[in-house]
Structures are given as structure tokens and as C-alpha cells.
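Thanks for making the time, everyone. I would like to walk you through one model this morning, going from helix packing to domains and then to some backbone details.

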Amino acid sequence: MGHANRDKLVFTLKDKCRMCYTCVRECPVKAIKIINGQAEVLSERCIGCANCVSVCSQQAKMYLKTTSEVEAMLASDDKVVAILAPSFPADFVDVDSYQVLIGMIRRLGFYKVMDVAFGADLVAEEYKKIIEEKPEKAFISSDCPAIVFYIEHFHPEIVQNLAPIASPMVAITRVARRLYDDVKVVFIGPCVAKKAESDEIDDAITFTELRELFEKHGISQQGTEPSDFDPPKSGRGAIFPVSRGLLQTVKKTDDIVEGEIIVASGKQNFKEAIKEFEKGEIKTAHLETLCCNGCVLGPGMSEKNKLFFKRTQISKYVKRKLQELDVEKWQENINKFADLDLSQSFKPMDRRLKDPDNKEIERVLLQMGKKTPSDYLDCGACGYTTCMEHAIAVIYGYAENEMCLPYTIEKLHNSVQDLNLSNENLANAKMALKQSEKLAHMGQLSAGIAHELNNPLGVITMYSSLIKEELKADDPLVQDIDLIVEQAARCKNIVGGLLNFARKNQIKPKEVDIRKFVERSLESVIIPKNVTTKIECDIENPMVMIDTEQMMQVFTNIEKNAVEAMPNGGELRVEVLGNKDVVEFKFSDSGVGISKENMEKLFTPFFTTKAAGSGTGLGLPLVYGIIKMHNGKIAVKSNTDKSKGKTGTTFIITIPRNN
Ligand code: ADP
Ligand code: MG
């Protein structure tokens, strides 16, 4: 119990956490780490305020529950004293009277039920003493354990300003131990941090846990005999749980000028007050700080809201109590315990992190797309107040870039764009696949036909020649036979073209200087005067492995097509590009272009737009076949529409170097 609980006060139920970062936003010490979008409590930073438990709408945060330990204690032979925090009237409004509540607690098996408010009475006397004895020293009240943890961890330099006085809980525990031998003490209150405050108590449960115990053991107010606290009875100490409570408790017995005590409660105020206190800006004043807005809003309350209603409940309860108070008897008790040691010591436990250097912060900000201060939106969506704080948390490993909403939205936009692009690429690839499948089928068919035609054509040529030999030179049939031979030769050519289109893996690569090779290809095409040619060679290593004979056919076919597409003249440009893996050729002409509907048919055997006799439609299928054999790719871009810019066509061929 006690200090051992310090590292497990609050934790996350991972499957319930939904990336809202509310806990990051609400944690006064940023003890939340976000990893893979899920919140984790950093126990070494946590001060046990359990604010995150109260604010999480998904109930993904839990605090340490110890009802079963308390049940075990009650079931054993031990005598167990319950010490009840004075904020209970704000929670148990459904119970008819406080005496009924005490009766219910007794029914759980507690040996005694004592009033923490009497501890507060004793502590108030002690505060009065130190303020009077050391008027020059400013103190910070040490009754809120979350504040004590906060100062020990994050403001270790002012630990010495914490009032060296036990909390009301510890004070009443010491009273109980003086009155009764060998008892166990269980605190019942609104606070989670109390579970780790002191080793002097044996356990601490919240009002919520107390209700759970009542329910489990079937205890309700029906049939409960009302009873009062076991003595000593408390006085004004019962007002303690509302903020300014300590002030009011002390003030009753002294004329402290208001302004000498500054009250700061709630997560923003207490931090600010402690910061100013440390800087010496509030010099002589004493600080009364409470982490929650008074203990009445503690995380262990079963009813979370209604601050003012709760305050009035406490006030009403205290008023009635004071009316019924036997002041003489009370004073007697105060005197009786005047010699009780109420001292408490605190140790600095520095858990501050070193500020990362500015360069590192800038680097992280840049990762989140924040280039200049105008990009620092400080929108708070990530849970941190500023982009800078977020970046620092990223460096510590407590936060992730993705927590930045503008950054994540931009990333999402980019992903959508990428997705669109890859969809488009996929559609193109699908088209290309369809096309190449079609060509492959056609290739098979062509190869079959060509093979079958080759033999009869050979026979026709041979027998025609034999007949010609037998004829006299002036025989009129000679001319007819010549025509047969010539046309048979033409057929053979066509058949040869078809075979080229369909042939597989028959290349004999040789190394050539590609620039010279291109020059030679242009020389073997008849270029009319009104067509200019240009070669642009931008390649580091011009030595390329290709099947020179076949590639020459590719180049001349494409160049011939280009020239034929420019009947009125123009320019044919050949660019050679590439890197260590591939060589790229671009043949661009300023000709008439290729219409969209023809684009798909280009590589189909016998497709031609040229007049009968001048085009065979076998050029590009041949080109296609040879490029495939080189494991290369061929693409075409073309424009036929003058309104969209210059017309013309570009054939782009890419060949891998390692053929
Ligand atoms: P052919 O040249 O015998 O017609 P190809 O297979 O070489 O056969 O070309 C097929 C068709 O592709 C051509 O008829 C022409 O319509 C078109 N074509 C090829 N290259 C070009 C180009 N550079 N400009 C315009 N059309 C072209
Ligand atoms: Mg051609």
C-alpha cells in the first residue's frame, strides 16, 4: 500500500481507447504517451490526479481499485478502522443522514468509523503555528497528494516550501493509532492520489468503491441503524474539502489578512500559481493549492458534476455540525492531541525532462509540414496547447506526428491522390495487357499461316523458274512467268514479315555505339528535301547491346512511317536517353498524327491507312515483335488536333541494357 501504489494509480484499457487525445489535453503534467494511436499512462510522470479517468468518454481510463484487498482485511481477524473524508456529504446525498451512512459503513465490518475532519482541525492548528513562527517563509499547503507529487516531480527546488505537516488523513490515522492498538486503517474519500500518499494507512478506497462494496454486500439504508462517528468529533475541519477550506479552517482561529494566503485550485490555476511562486512573483503569500476544484470534485466521487450543489451540501452539513458541537469537549480533544507529532517530510524526485535543442524541434515541425511560424496553427487538436509542445513530445517519444490534424488531413489528401494515380496506372496496364494478349494470339495465327504458305510459295517459285528455263527467250510467256515469280517473291516477303512479328527469342545481341547506329539508320531511309532530321544523344555510356540487324529494321520502319506522315515536310527528331539500366529512344515527327481509334490498331498485322500497294501494315507488327524479343517496351503519343497544339507522333522505345 501507500507509496508502492504510486506507479500504478492510473492505467488505460487499450481496446477502449479511440484516439480523441482528450486525456492528453486534460492531463496537467502530460503523463500520457500516444503510441500507435493509443494512449498509455506514463506512471513515472503521473501525479494521480485521475483527471483523465473523469474526462474519458469511452471509460478507457481506470484507476487502481482495491476493494477486494479491503474485503480481505475485513474478513480477517484484524480490527479495521475506517476514516471517512469530510467530502462525503457531497456524494451520499441519496442517504437520509450522515449517521445512516456511518451505520452502513459499520455494517461492512469496520471496527471504528472516524472523522478525517478532526485530523483537519489538528492540521489547521499546525498551519497556524508555522505561519506565526516563520512569518518570513512562504509555504505551500501539503494536504493534496497530487500537488505534493507534482512539486516533488516537476518543481523539486521548492519541495522545501511544502508545509512540513501531515495531511488530515495522516493526522487522523495517527490519532487512531494512539487510541487503538494494532488496528488497520482504511481511508474512504474522493481522491485517487490518496492511495499512494502514505505508508501509514493500510488502504484507501474511493466513494465509488465504497458504493461497490455496499452493493456487493447488499447493504442499503433500509434496516441500517444510524450511528455517529467514533470520537473525537470534528469542528470546522469539515469545511476542508471545498477550495479555500483550509483558509477558512485556519482563519477561524486567527486574524490572517486575506491576500496572505492565495488559493489556487483546478488544473490550470494550480500550475500557474506554483510557477509564479517558484519565480518569486508571489513572495510572501502562502499557497493553498488543490489539484481538483476542491476535493468535492475528486475523481473518486460517484457523481462527477454539480460543483456548487456539492459545496452547499458541505456547508449545510458543517453548519448543522457546528450548531450541535460541544465546543468545550472539542477543545479538550484538541488539547489532548496537541502533543501528537504531525510532522511530515517530503523528498524531491526530479522527473523533469531536458529541453531538446531547437534544431531537433524544427526538424520534427518540418516533418509535420510546418515550415514557418505561420504554419504553427496551435489548434490544440493533438492535445497539446502549441505545435511546439507537440513537437517536443514527439522527440521524447510521447506523441506521434499523426496526432496533428492538419498534417494527417494533408497526408490523407496525398494518399487519395496517389490512389487515384495508381488506379489510373492500373487501368493503363490493363489496357496494355489486353492489347499484348491480342497481339500474341494474332502472332500465333500469323506464324501458323506463314509456315503453311512458305512451302507452296517455294514450290511455285521453283516450278515457275523451271518452266522459264525451258522457254525460249523471246517466248511471250516469259513475261507472264516473270510476273508469277515476282508476285510469289512478294508473297514470300509478306510471309517473312508475318514470321518476324511472331518469332520468339531469336536475337543475337552485339555491342554498338548507339549514336552511330542511329545515324546509319537515318542514312538508309530516303529523306525528302522538305524533311529535316535531328539526332539528340544524351547518354553517358553509348555502347549498347542489341541485335543490330533486327534493330535496324525497327528504326528504319519507324523513321519511314514518320517521313510518310509528313507529306508536306517537317522535322524528324531522334532522341537517345538512358541510364545504367535502360536505353530510351524517342522518334518524334511533326506529321499528321494518329487518330484515337487507330491508336489501338497500330500493331495489328495488316493495319494500314496507306493506299493499296504503298502500305502493307506489317511495319509496326515487326517493330513490336523485335522490341518484345529485346524485353523492351514501346509506347506511342500522338496529336491530330491542331487546336491542341502542334500535330505529330512520338514513338518511345525502352530497351534494357542487359540483353
Ligand atoms: P504501313 O506503314 O505499311 O502502313 P505500319 O505498321 O508501319 O504499316 O504502320 C501502320 C499504320 O500506322 C500506318 O499506316 C499509319 O496509319 C500509322 N502510323 C505509323 N507511324 C505513323 C506516324 N509516325 N505518323 C502517323 N501515322 C503513323
Ligand atoms: Mg510502315
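Predicted model: local features only at pLDDT ≥ 70, side-chain atom pairs only at ≥ 80, totals over all residues.

Let me begin with helix 7 (residues 145-154) and helix 11 (residues 267-279), whose axes come within 12 Å and cross at roughly 45 degrees. Axes here are lines fitted to C-alpha atoms, for helices over the stretch in contact, with angles running from 0 to 180 degrees between N-to-C directions, and helices (H or I, at least four residues) and strands (E, at least two) are DSSP runs numbered from the N terminus. Helix 7 and helix 11 are therefore oblique to each other, given that angles under 35 degrees count as roughly parallel, over 145 as roughly antiparallel, 65 to 115 as roughly perpendicular and the rest as oblique. Ile-147, Tyr-150 and Ile-151 of helix 7 make the contact with Phe-270, Lys-271 and Ile-274 of helix 11, where contact means heavy atoms within 4.5 Å.

Residues are numbered from 1 along each chain as its sequence is written, chains are lettered from A and ligands numbered from 1 in the order in which they are written, and side-chain values use heavy atoms, with hydrogens and water left out.

A second pair is helix 6 (residues 116-133) and helix 13 (residues 327-336), with axes that come within 11 Å and cross at roughly 65 degrees, and these two helices are therefore roughly perpendicular to each other. From helix 6, Phe-118, Asp-121, Leu-122 and Glu-125 meet Trp-330, Asn-333 and Ile-334 in helix 13.

Turning to domains, whose bounds come from an automatic or database domain assignment, domain 1 (1-64) and domain 3 (358-403) are two of those assigned, and their C-alpha centres lie 21 Å apart. Their contact takes 13 residues from domain 1 and 11 residues from domain 3.

Finally, the backbone: which residues does a cis peptide bond join? They are Pro-231 and Pro-232, with omega about 0 degrees, and Pro-232 sits in the loop between helix 9 (207-216) and helix 10 (245-251). Asn-36, although not a glycine, has a positive phi of about 50 degrees, and its place is in the loop between strand 2 (32-35) and strand 3 (38-41). For context, most residues other than glycine have a negative phi, and most peptide bonds are trans.
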